[in-house]
Amino acid sequence: MRDGKLTHRRTVKSGGDFPASIAVSGRTVYVLNAGGTTNVTGFRLSRDGLRPLAGSTRKLGITNDAVPLFTDSPPQVGFSPDGRHLLYVQNTLAGTIEGFRVGLDGELTLVETENEGLPVFADGSGMEGLVAW
């Protein structure tokens, strides 16, 4: 504790506002930042903690308040079981899922945006949760 706040010497910035979800595969870590200009940002896990992956941040096309409404923000990020793909669910009226290929260096390449046949709810909240790979 320092100045009445919990601290940890290995605390790192998430790469955006309002980190909402973390995905880990081996030593590769991605954080979903659901506030402000939403994004996913990558890190490499080492003995010394998390190290940012240069050039890993990918904007997700949603701009929110720094502390977003739950119904307007992407809820979760996750890796495929083999760790080769990262996907997130965009929690909006569009109801899209975007998939990224994960390079050996942790860099992301967009491979797919899927929205055909995905549910959009009457209250406008879009999809909830992470889709099974």
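A salt bridge is a side-chain nitrogen of Lys or Arg within 4 Å of a carboxyl oxygen of Asp or Glu. The model is predicted, so local features need pLDDT of at least 70 and side-chain atom pairs pLDDT 80 or more, while totals for chains, interfaces and linings use all residues. Residues are numbered from 1 along each chain as its sequence is written, and side-chain values use heavy atoms, leaving out hydrogens and water.

View 1. Helices (H or I, at least four residues) and strands (E, at least two) are DSSP runs, numbered from the N terminus. Read from the N terminus, the order of elements is β-β-β-β-β-β-β-β-β. The chain has 133 residues, of which 41% are buried (buried: under 20% relative accessible area; exposed: over 50%; partly exposed: in between; 1.4 Å probe, protein chains only).

**View 2. Strands E1 and E2 form a hairpin with two residues between them.** The two strands run antiparallel and are joined by seven bridges (strands pair if DSSP finds at least two bridges between them). Asp-17 has Gly-35 of E2 as its bridge partner. In the turn, Gly-26 has a positive phi of about 60°. Phe-18, which lies in strand E1 (residues 17-25), also has a positive phi, of about 55°, although it is not a glycine. Most residues other than glycine have a negative phi. The relative accessible area of Phe-18 is 39%, so this residue is partly exposed. E2 is mostly covered, with eight of its eight residues buried.

**View 3. Strands E2 and E3 form a hairpin with one residue between them.** Six bridges hold this antiparallel pairing. Thr-28 is bridged to Arg-44 of E3. Gly-36 sits in the turn and has a positive phi of about 60°.

**View 4. Strands E3 and E4 form a hairpin, here with two residues between them.** E3 covers residues 37-46 and E4 residues 49-52. They pair in the antiparallel sense over four bridges. Ser-46 is placed opposite Gly-49 of E4.
A salt bridge joins Arg-51 to Asp-48, with the closest N and O atoms 3.6 Å apart. Arg-51 is partly exposed at a relative accessible area of 44%, and Asp-48 is exposed at 51%.

**View 5. The largest nonpolar core has 13 residues.** A nonpolar core is a set of buried Ala, Val, Leu, Ile, Met, Phe, Trp, Tyr and Cys residues joined through side-chain atoms within 4.5 Å. The members that touch the most other members are Tyr-30, Val-40, Leu-60, Val-77, Phe-79, Leu-86 and Leu-108. Two or more residues each come from strands E2 (28-35), E6 (76-79), E7 (85-89) and E8 (97-102). In soluble globular proteins, nonpolar side chains tend to be buried together.

**View 6. The count of aromatic pairs is one.** Rings of Phe, Tyr and Trp (its six-membered ring) pair if their centres lie within 6.5 Å; planes under 30 degrees apart are stacked, over 60 edge-to-face, the rest tilted. Tyr-30 and Phe-79 make up an edge-to-face pair, with 6.4 Å from centre to centre and 65° between the planes. This pair links distant parts of the chain, since Tyr-30 belongs to strand E2 and Phe-79 to strand E6, 49 residues apart. Both Tyr-30 and Phe-79 are buried.

**View 7. Arg-58 and Glu-107 form a salt bridge, one of three in the structure.** Their closest N and O atoms are 3.8 Å apart. Arg-58 is partly exposed, with a relative accessible area of 22%. Glu-107 is also partly exposed, at 38%.

**View 8. Asp-82 forms a salt bridge with Arg-84.** The separation of the closest N and O atoms is 3.8 Å. Arg-84 is exposed, its relative accessible area being 51%.

**View 9. Gly-103 lies in the loop between E8 and E9.** This glycine has a relative accessible area of 29% and is therefore partly exposed. Its C-alpha atom is separated by 8.8 Å from that of His-85, and Gly-103 and His-85 are 18 residues apart along the chain.
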